[in-house]
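I wanted to look up a few residues and see where they sit and what they touch.

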Amino acid sequence: VPGPAFQFSNSNAKGTGYLSVMSFRATSAMPENTTLVFELPAATHSTSAVSMGLMVTVCPTDADRAAKASSCVSANITAAVSRGVSLGNGLGVIKLTMTLPIGTSVDYDQVVDLFNIGATSSGFLHRSTSGPFGLYRLYAFVGVSALDNSTGIEPEYCYAGNLHPYVLQENVAYPLSNKLVISHKQVGAVSSLFFTGFTLAIPLVPDALVRVYFPPDFDLENITLTGPGFVIDQGSVFSAPAAAPILTPPATMDTVDRPAVQIRVTTGTSLSFTLNKIRNPYYALGYPPDLYSAPPLLIRTVAVSGSAMESIIYPVVIVPVTLDDFTLRQIDRSAASVVAVEFTFALSQIFTVASELHIRLPAGVLADS
């Protein structure tokens, strides 16, 4: 059986979904009462269902199928769910066994569409880690005689003329601000990152990892962790900070290495810890919002096997500090006068020779050349 092509309604790790469609083209005629057996890898999916409803549709030609013509024949059937080993490789599988209804036969080269397998039941629970789906197989039997069978199929999709394997995707969350807080948002400040009981879709287990990726130019050289259930092992800071502070943002943020720290789980199941002694960049990020928009803070949980489970995305805003002890001196305040204005201020950040000072004059004031 060439194919089959199929798609799940949900493709997130530890997500629950059903087979929204499965299609195959018959390589030989299939009489009514032909039995179809579809094998799903038990290492990828589980289900508590003992049966699953679905709809089978057969169209006379591909053109009728594309047009959803009235000549297409549809019927609701039930697939029995069982567990066993694959007829192809001996690995554990979930088997869906279904029979073409009376009055429905399939000619050579016709396409059979099976819709919404498991949509009205508990469906399939995917494993908790991201990565390839695994191998699937479809068999056709008349009585006990095998009619057609497929080789092991890894689901793929086509993009830009190339085939790519479908993968279970890690969950992505955007936390509320009270669950993830940066203590100080000023340029160059030493800040802390607080995780306050953020509940994960996929709970952590001992020896799992939490990787925190910061925007460019955060300094993690002195980073520490407080909170039970998590530790930073020696050598777990991915990229060392620059030898000297970088005072201007890079032209292209996505080409710059991101400092990151790897945290090992000992007993924690949710994110409840604090990262301390983080040095903010020496320039503003996301302030104003349309200027120097940095990559977000990315927290990724990783299973013991090394597969990603969940990602948390949090936008970072670093604001400029204000000038200290600022004074303005202007002796002549007469209208339409040409005057000198004197500014004095103290800097709280490094101000190099190449830096610029921008002064914005009030409306109606002209700067003499």
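**Entry 1: two loop residues with positive phi**

I started with Asn33, which lies in the loop between strand E3 (19–25) and strand E4 (35–41). A reminder to myself: this is a predicted model. Asn33 is not a glycine, yet I found a positive phi of about 70 degrees there. Is Asn33 buried, partly exposed or exposed? Its relative accessible area is 43%, so I noted Asn33 as partly exposed, given that this class runs between 20% and 50%.

Next I went to Asp207, another residue other than glycine with a positive phi, here near 75 degrees. I located Asp207 in the loop between E19 and E20. With a relative accessible area of 46%, Asp207 is partly exposed.

**Entry 2: a loop asparagine inside**

Then I looked up Asn280, in the loop between strand E24 (271–279) and strand E25 (297–302).

I wanted to know what its side chain meets. A polar atom of the Asn280 side chain lies 2.9 Å from the backbone oxygen of His184. The side chain of Asn280 also reaches the backbone oxygen of Gln186, at 2.9 Å. Leaving out residues up to four places away in sequence, I listed the contacts of Asn280 as His184, Lys185, Gln186, Gly188, Ala189, Ser191, Asp217, Phe218 and Ile318.

**Entry 3: the nonpolar cores**

Which residues touch the most other members of the largest nonpolar core? I wrote down Leu193, Val210, Val212, Phe214, Leu271 and Leu275, out of 39 residues in that core. At least two residues of this core come from each of strand E18 (180–182), strand E19 (190–198), strand E20 (209–213), strand E23 (260–265), E24, E25 and strand E26 (308–314). E24 gives the most, with four residues.

Setting aside neighbours within four places in sequence, Val210 is in contact with Leu204, Phe230, Val261, Gln262, Ile263, Val265, Leu271, Phe273, Ile299, Arg300 and Thr301. Apart from this core I found another, of 33 residues, including Phe6, Phe24, Val56 and Leu114.

**Entry 4: aromatic rings**

How many aromatic pairs does the structure hold? I noted 11. For each one I looked up, I kept two values, because a pair of aromatic rings is described by the distance of the centres and the angle of the planes.

Phe6 and Phe8 have ring centres 6.2 Å apart and planes at 90 degrees, so I logged the pair as edge-to-face. Phe6 counts as buried at 8% relative accessibility, and Phe8 counts as buried at 9%.

Phe8 also pairs with Phe133, and that pair is stacked, with 5.7 Å centre to centre and 5 degrees between the planes. Where do the two partners sit in the chain? Phe8 is in strand E1 (residues 5–8), while Phe133 is in the loop between strand E11 (131–132) and strand E12 (137–142). They are 125 residues apart, so the pair links distant parts of the chain. Both Phe8 and Phe133 are buried.

Terms used: Residues are numbered from 1 along each chain as its sequence is written. This is a predicted model: local features need pLDDT of at least 70, side-chain atom pairs count only at pLDDT 80 or more; totals for chains, interfaces and linings use all residues. Side-chain values use heavy atoms; hydrogens and water are left out. A polar contact is a pair of N or O atoms within 3.5 Å; within protein, one must be able to donate a hydrogen and the other to accept it, and residues adjacent in sequence count only if both atoms are side-chain atoms. Contact means heavy atoms within 4.5 Å. A nonpolar core is a set of buried Ala, Val, Leu, Ile, Met, Phe, Trp, Tyr and Cys residues joined through side-chain atoms within 4.5 Å. Buried means under 20% relative accessible area, exposed over 50%, partly exposed in between (1.4 Å probe, protein chains only). Rings of Phe, Tyr and Trp (its six-membered ring) pair if their centres lie within 6.5 Å; planes under 30 degrees apart count as stacked, over 60 as edge-to-face and the rest as tilted.
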